[in-house]
Amino acid sequence: DLPTNKMARDDAVDEENIVLCCAVGCGNCGYYKDLDCFGCSGKAGLCCLNMQFCCKPSAPCLPCGCCGPRCENDGCSILNAQCQFCNFVVSAALPCNKEVPVACTVLGCTFFPKCGCCVKVGDIQKKNGDYVSGDCMERC
């Protein structure tokens, strides 16, 4: 899957295409199901200031070429981190945000907020940035 609006995206990882492998609360790891997975990238941040690195040919330029600080408003997270190497992505945020929604997944089976196998992060995100409050019992 290629990102739908690749030119408008300002992030190296399209979180909507991460298939959850394991997740507990506001931390997750998953398989990056995107044709744009070649390379590696990462970010760690406190409030709105992130330190990022990126070695991907399709990613936007950072202040110092492949690394540097960046101001990003991801909602209300105090701490956030993400690391991507080819198809493997690990993400965490405190509190959860749109890029890292709250979830519970074990060995690819998601139990909250949506039940299913091989659930993408995009399937549990709401379009307006709010988080799904949980309708698992209705779907199981």
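Predicted model: local features only at pLDDT ≥ 70, side-chain atom pairs only at ≥ 80, totals over all residues.
**Notebook: sheet, core and a salt bridge**

I started at Val-121, which touches Glu-15, Glu-16, Ile-18, Leu-20, Glu-99 and Pro-101, leaving out residues up to four places away in sequence; contact here means heavy atoms within 4.5 Å.

Residues are numbered from 1 along each chain as its sequence is written, and side-chain values use heavy atoms, with hydrogens and water left out.

**Core.** I looked up the largest nonpolar core and got 11 residues: Val-13, Ile-18, Leu-20, Ala-23, Tyr-32, Cys-37, Val-89, Ala-103, Val-119, Val-121 and Ile-124. Such a core is a set of buried Ala, Val, Leu, Ile, Met, Phe, Trp, Tyr and Cys residues joined through side-chain atoms within 4.5 Å, with buried meaning under 20% relative accessible area, exposed over 50% and partly exposed in between (1.4 Å probe, protein chains only). Strand 1 (18-25) and helix 1 (121-124) each supply at least two of its residues, and strand 1 gives the most, with 3. Helices (H or I, at least four residues) and strands (E, at least two) are DSSP runs, numbered from the N terminus.

I traced an open sheet of 10 strands in the order 5-4-3-6-7-2-1-8-9-10, with antiparallel pairing. Two strands pair if DSSP finds at least two bridges between them. Strand 5 (67-71) and strand 10 (116-117) are the edges, each pairing on one side only. Strand 9 (residues 109-112) pairs with strand 10 over 2 bridges, antiparallel, and Thr-110 stands opposite Gly-116 there.

**Salt bridge.** How many salt bridges does a search of the whole structure find? I got 1, taking a salt bridge as a side-chain nitrogen of Lys or Arg within 4 Å of a carboxyl oxygen of Asp or Glu. Lys-43 and Glu-99 form it, with the closest N and O atoms 2.9 Å apart. The partners are 56 residues apart, with Lys-43 in strand 3 (residues 40-46) and Glu-99 in the loop between strand 7 (88-94) and strand 8 (103-106). Lys-43 is buried, at 7% relative accessible area.

**Gln-82.** I found Gln-82 in strand 6 (residues 79-85), buried at 8%. Its side chain makes polar contacts with those of Glu-15 (3.0 Å) and Ser-91 (3.2 Å). A polar contact is a pair of N or O atoms within 3.5 Å; within protein, one must be able to donate a hydrogen and the other to accept it, and residues adjacent in sequence count only if both atoms are side-chain atoms. Beyond four places in sequence, the contacts of Gln-82 include Lys-43 and Val-89.
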